[in-house]
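Reader: I would like to go through the strand pairing and the ligand site of this model. Please show it before we start.

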Amino acid sequence: KHGILTRKSHADMDGKRTPRGRRGWKKFYAVLKGMILYLQKSFFSLSPPYGQDEYKPDKDLSEVDLKNAVRVHHALATRACDYSKRQNVLKLKTSDWRVFLLQAPSEEEMMSWIFRINLV
Ligand code: I3P
């Protein structure tokens, strides 16, 4: 599965609140492949037209993209009911206690990401 997701880091690896300065929202092209959710920045700098079917995450991943990749094995995705500033936001808790808020472009997309992440 892939699509645009906007990410906010809420808690870091040890479960500690992500400090100010690193809590902003950032837009990515997200790809769920195997047990990894790749959050790619470099996708947007590639020249259009760039059909989603031609997309090859392994080939196009930059170092920064690898750093932003999230292991979703044993992660839990839920609707972010306690977050009301933005629409269609899901909460992703990873097995290493990180917490991300991920905003999808629509309710349907949000539900689809939750379903797919929890299947891993
Ligand atoms: C954060 C940024 C986020 C905001 C967050 C700020 O600042 O403005 O948009 O979250 O508030 O800390 P920075 O980019 O300097 O990290 P919201 O959009 O949810 O308000 P928070 O600390 O209350 O999470």
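Reader: How many bridges join strand E5 to E6?

Author: The model is predicted, so local features need pLDDT of at least 70 and side-chain atom pairs 80 or more, while totals for chains, interfaces and linings use all residues. Residues are numbered from 1 along each chain as its sequence is written, and side-chain values use heavy atoms, without hydrogens and water. Strands are DSSP runs of at least two residues, numbered from the N terminus, and two of them pair if DSSP finds at least two bridges between them. E5 (residues 76–79) runs antiparallel to E6, and Arg 79 has Leu 90 as its bridge partner in E6. The number of bridges joining E5 to E6 is four.

Reader: Which residue in E7 is the bridge partner of Val 89?

Author: E6 and strand E7 (residues 99–103) run antiparallel and are joined by five bridges. In their hairpin, five residues lie between the strands, and Trp 97 there takes a positive phi near 70°. The partner of Val 89 in E7 is Gln 103.

Reader: How many of the five residues of strand E6 are buried?

Author: Buried means under 20% relative accessible area, with a 1.4 Å probe and protein chains only. E6 covers residues 89–93 and is largely enclosed by the rest of the structure, because the buried residues number four.

Reader: What share of the ligand's accessible area does the protein cover?

Author: Oxygen atoms of the ligand lie 2.7 Å from a side-chain N or O atom of Lys 8 and 2.4 Å from one of Tyr 83. On its own the ligand has 500 Å² of accessible area (Shrake-Rupley method, 1.4 Å probe). The share that the protein covers is 65%.

Notes:
Buried means under 20% relative accessible area, exposed over 50%, partly exposed in between (1.4 Å probe, protein chains only). A polar contact is a pair of N or O atoms within 3.5 Å; within protein, one must be able to donate a hydrogen and the other to accept it, and residues adjacent in sequence count only if both atoms are side-chain atoms.
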